[in-house]
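Have a look at the chain first, and then we can walk through a few of its local features together.

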Amino acid sequence: MKPEKIILGIDPGTSVMGYGVIKIEGKKLILLQFGVIHLKKYVGHELKLKKIFERVTSIIEEFHPDEVALEAPFYGKNVQSMLKLGRAQGVAMTAALAREIPITEYAPKKVKQSVTGNGNASKEQVASMLQSLLDIKELPKMLDATDALGVAVCHHFQNGQAQSKNASWKSFISDNPGRVK
């Protein structure tokens with residue numbers, strides 16, 4: 001394991017997209033930057049996707065993250081909203097993949113559980129815990145930024161491995177050769 005690692009966390013959105021960049025030095029978590037990308041002002045979904053790609057690319061170029069963690073979209077009733085959110089997530093992923101940066105996705109409940117110990121925690125509870133963990137002086141008005149930081153911190157706490165309920169037996173056997181006879 002590298003003694004130092006930079007993680008970019010992203011909370012995808014089509015009106016507001018949160019991002020957070022942390023640095024890991026040994027066991028210490030250091031906040032590098034966090035914020036939001038405002039997309040409401042752009043007319044047309046295609047232009048929003050272009051802006052997401054450009055902004056995520058510029059964050060990657062500025063901080064050179066070793067890994068990217070994204071919050072997976074949760075299932076909603078509005079199919080059109082889910083489709084747009086999936087596209088936004090895909091564009092953010094493409095920006096990372098274009099630079100061959102590994103990507104991991106986390107369910108919203110997993111992020112909350114990892115950061116606060118409660119998978120049903122509120123955005124405010126997640127922000128408060130991150131404020132303490134990362135020594136944030138003042139919380140932002142838009143909690144999409146702290147949500148994205150939460151994804152990055154979750155990724156660190158999970159050692160970069162999303163816990164999949166659908167892990168195959170083949171991967172279990174290859175990961176645990178001494179446990180199978």
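Strand β1 (residues 4–11) pairs with β4 in the parallel sense over 4 bridges; two strands count as paired if DSSP finds at least two bridges between them. Helices (H or I, at least four residues) and strands (E, at least two) are DSSP runs, numbered from the N terminus. Please keep in mind that this is a predicted model, in which local features need pLDDT of at least 70, side-chain atom pairs count only at pLDDT 80 or more, and totals for chains, interfaces and linings use all residues. Residues are numbered from 1 along each chain as its sequence is written, and side-chain values use heavy atoms, with hydrogens and water left out.

- β4 is mostly covered, with 5 of its 5 residues buried (buried means under 20% relative accessible area, exposed over 50%, partly exposed in between, with a 1.4 Å probe and protein chains only).
- Glu 67, Ala 69 and Glu 71 point one way from β4, while Val 68 and Leu 70 point the other way, and all are buried.

**Positive phi outside glycine**
- His 64 is not a glycine, yet its phi is positive, at about 50°.
- You will find His 64 in the loop between α1 (45–63) and β4 (67–71).
- With 58% relative accessibility, His 64 counts as exposed.
- Glu 100, also a residue other than glycine, has a positive phi near 55°.
- Its place is the loop between α2 (79–97) and β5 (103–106), and Glu 100 is exposed at a relative accessible area of 72%.

**Helices α4 and α5**
- The axes of α4 (residues 123–134) and α5 (residues 144–157) come within 10 Å and cross at roughly 60°; axes are lines fitted to C-alpha atoms, for helices over the stretch in contact, and angles run from 0 to 180 degrees between N-to-C directions.
- From α4, the contact involves Lys 123, Val 126, Ala 127, Leu 130, Leu 133 and Leu 134 (contact means heavy atoms within 4.5 Å).
- From α5, the contact involves Thr 146, Asp 147, Leu 149, Gly 150, Val 153 and Phe 157.
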